[in-house]
Amino acid sequence: MNEPGSPRPAVDAATACLEPAKASLLLPRPDRALARRALETLAPAWRGLLKILAALAILTLGRSTLADQYHVPTGSMWPTITPGDRILVDKTAYGLRVPLADGYVFERSGPHVGDVVLFADPRGGSTLLVKRVIALPGQTVMLREGVLYVDAVAQPLERLGDGTMVEHLGGVAHAAGERDLAAFGPVVVPHDHLFVMGDNRAASLDSRAMGAVPRELLRGRVLRVVYHHDAAGFDLSRALRSVD
């Protein structure tokens with residue numbers, strides 16, 4: 001047993017702390033060199049792995065909140081967007097969302113009549129849809145003999161010299177696909193909802209069938225076609241085409 005005031009316990013503790021260091025110093029010189037080379041080899045790999053993980057985190061955050069690309073499989077928006085187009089969507093157009101959630105950090109004004117938007121299916125499910133905003137809350141929508149009426153005002157259809165049909169929707173002119181001659185409406189768009197339709201109305205499942213879309217289901221505004229690829233290959237004529 002140690003006498004009172006003896007420094008022996010402190011010395012023993014210090015000696016114990018030094019044991020690992022002493023052990024490493026007692027390693028044969030070749031083993032120490034091998035361990036050092038192993039650390040030097042692994043360190044860049046770990047740093048590279050951390051960079052990759054950080055980049056993936058940033059990309060995931062960016063895709064969920066800023067912008068993303070989507071493949072379009074159907075012709076409901078033809079000729080503006082055709083099957084096989086890859087579209088770029090601005091997810092901040094109407095507000096900044098909470099990453100990986102439906103809520104907004106803050107909201108912006110819009111959308112406006114004529115915007116082409118990406119939204120979640122109001123009937124449920126994970127499918128995202130692309131349509132054009134036709135009318136805003138409080139407006140009345142009606143279709144008669146292929147002509148669209150908003151608040152009882154006909155939206156003019158014009159045939160260009162090359163045969164292209166153009167619809168003048170408010171202040172926006174856009175290419176029109178096949179007209180739907182079936183009568184629809186009139187219906188009034190509910191508060192905080194949007195009435196959307198496809199440009200190719202004869203082949204579009206839209207608000208005429210699924211009802212008006214709650215604004216909270218918006219995922220962004222379609223900006224342009226990035227590229228087109230289908231069974232025939234790439235169509236470079238559609239690359240980087242603006243979506244109006």
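1. At 57% relative accessibility, F234 counts as exposed, where exposed means over 50% relative accessible area, buried under 20% and partly exposed in between (1.4 Å probe, protein chains only). Y227 is partly exposed, with a relative accessible area of 33%.

2. This is a predicted model: local features need pLDDT of at least 70, side-chain atom pairs count only at pLDDT 80 or more, and totals for chains, interfaces and linings use all residues. Residues are numbered from 1 along each chain as its sequence is written, and side-chain values use heavy atoms, with hydrogens and water left out.

3. The count comes to two aromatic pairs. Rings of Phe, Tyr and Trp (its six-membered ring) pair if their centres lie within 6.5 Å, and planes under 30 degrees apart are stacked, over 60 edge-to-face and the rest tilted. F184 and F195 make a tilted pair, 5.7 Å centre to centre with 45 degrees between the planes. Both F184 and F195 are buried.

4. Y227 and F234 also form a tilted aromatic pair, at 5.9 Å centre to centre and 50 degrees between the planes.

5. The structure holds two cavities of 30 Å³ or more. A cavity is a set of points, on a 1 Å grid over the protein atoms alone, where a 1.4 Å probe fits but cannot get out; lining residues have an atom within 4 Å of a point. Grid points are joined across faces, edges and corners, and a volume is the space filled by probe spheres set on the points. The largest cavity has a volume of about 60 Å³.

6. Residues lining the largest cavity include E167, H174, E178, R179, D199 and R201.

Definitions and conventions
1 Å grid on protein atoms, 1.4 Å probe; cavity = no way out; pocket = protein on both sides within 12 Å on 5 of 7 lines; lining within 4 Å.
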